[in-house]
Amino acid sequence: MSDNQKQEHYSLSMMYGTYADILFVLFPFLVIAMQRLWDGNLYQSLMRPDLSIAAAILAGLAIGKFVLGLVTNRDLGRYKERIVFFIALTLFVVLGPAIILILSMTGNAEIPGFVAFVQPVLLIVSISLYTTAVSIANILTRVTAPPSVGEHGGPTGDEPVDVRPGPAPLDLPRRTGNDTY
């Protein structure tokens with residue numbers, strides 16, 4: 001398998017793993033929405049804090065992935081500020097408004113109509129930020145081989161640095177004939 005095919009396979013596996021995480025987070029909210037649809041109250045799902053809770057969960061997971069990217073690779077240089085920007089963006093654009101909506105909806109009897117529009121937007125933005133966070137964390141945590149050493153003990157500069165991704169998240173280890181239990 002060529003390096004390009006390996007990279008494509010790794011990226012595809014990471015995408016499947018990321019969206020599996022998102023589906024597991026959204027599954028209980030899907031069940032609640034289906035129950036409300038069954039009862040004929042689907043519009044009430046948009047006026048309840050369910051979507052804001054899901055957005056807050058995904059925003060928290062995204063912040064965790066961004067922090068993971070920061071702590072695993074200390075040699076980020078100029079990219080460190082960009083990752084901190086994404087953390088602040090997640091806090092400011094998703095997590096803060098989601099928590100405010102959750103508290104406001106649980107405390108007030110009358111909920112304004114704009115909430116039915118804001119909550120799905122928060123959820124979509126949180127999904128986008130989570131997928132971005134997973135991509136950044138995976139890029140930063142890849143295994144890199146040290147550069148080649150020349151005759152004087154320094155890198156030669158001729159050889160490319162071998163960058164190999166670690167095992168893909170959904171790849172299971174293969175059994176060999178020597179496995180014991």
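The expected span of a helix is 1.5 Å times one less than its number of residues. Helices (H or I, at least four residues) and strands (E, at least two) are DSSP runs, numbered from the N terminus.

All views show a predicted model, in which local features need pLDDT of at least 70, side-chain atom pairs count only at pLDDT 80 or more, and totals for chains, interfaces and linings use all residues. Residues are numbered from 1 along each chain as its sequence is written, and side-chain values use heavy atoms, with hydrogens and water left out.

**View 1. Overall layout of the protein.** Five helices and two strands make up its elements. Their order from the N terminus is α-α-α-α-α-β-β. Of the 181 residues, 28% are buried (buried means under 20% relative accessible area, exposed over 50%, partly exposed in between; 1.4 Å probe, protein chains only). Contacts are heavy atoms within 4.5 Å. Among contacts with a separation of 6 or more, 73% join residues 24 or more positions apart. The protein exposes about 12400 Å², with carbon and sulfur atoms supplying 64% of it (Shrake-Rupley method, 1.4 Å probe; for residues, only the protein chains shown count as cover).

**View 2. Helix α1 and its kink.** The 37 residues of α1 should span 54 Å at 1.5 Å a residue, and the end C-alpha atoms are 53 Å apart, which agrees. A kink of about 40 degrees lies at Leu26, shortly before the proline Pro28 (the bend at a residue is the angle between axes fitted to the seven residues ending there and the seven starting there). Buried residues of α1 include Tyr10, Met14, Thr18, Ile22 and Phe29. The buried residues of this helix pack against α2, α3 and α5. Gly40 follows α1 with a positive phi, near 85 degrees.

**View 3. The second largest pocket.** About 200 Å³ of space lies in this pocket. Two or more lining residues come from each of α1 (3-39), α2 (42-46) and α3. The largest share, five residues, comes from α1. The lining includes Leu26, Phe29, Leu42, Leu46, Asp50 and Leu123. On a 1 Å grid over the protein atoms alone, a pocket is an open set of points with protein on both sides within 12 Å along at least five of seven lines, where a cavity is a set of points where a 1.4 Å probe fits but cannot get out; lining residues have an atom within 4 Å of a point. Grid points are joined across faces, edges and corners, and a volume is the space filled by probe spheres set on the points.

View 4. Ile127 lies in helix α5. Beyond residues up to four places away in sequence, Ile127 touches Ile22, Leu26 and Leu58. Thr18 and Ile127 are 109 residues apart in sequence, yet 9.8 Å apart in space, C-alpha to C-alpha.

**View 5. Helix α4 and its packing.** Residues 79-107 form α4, whose 29 residues reach 41 Å from first C-alpha to last, close to the 42 Å expected at 1.5 Å a residue. A kink of about 35 degrees is centred on Leu91. Among its buried residues are Ile83, Ile87, Val94, Leu101 and Met105. The buried residues of α4 pack against α3 (50-72) and α5 (115-140).

**View 6. Phe86 on α4.** Phe86 lies in helix α4. Phe86 is partly exposed, with a relative accessible area of 24%. Leaving aside neighbours within four places in sequence, Phe86 contacts Phe66, Leu129, Thr132 and Ile136. Phe66 and Phe86 are 20 residues apart in sequence and 7.6 Å apart in space, C-alpha to C-alpha.
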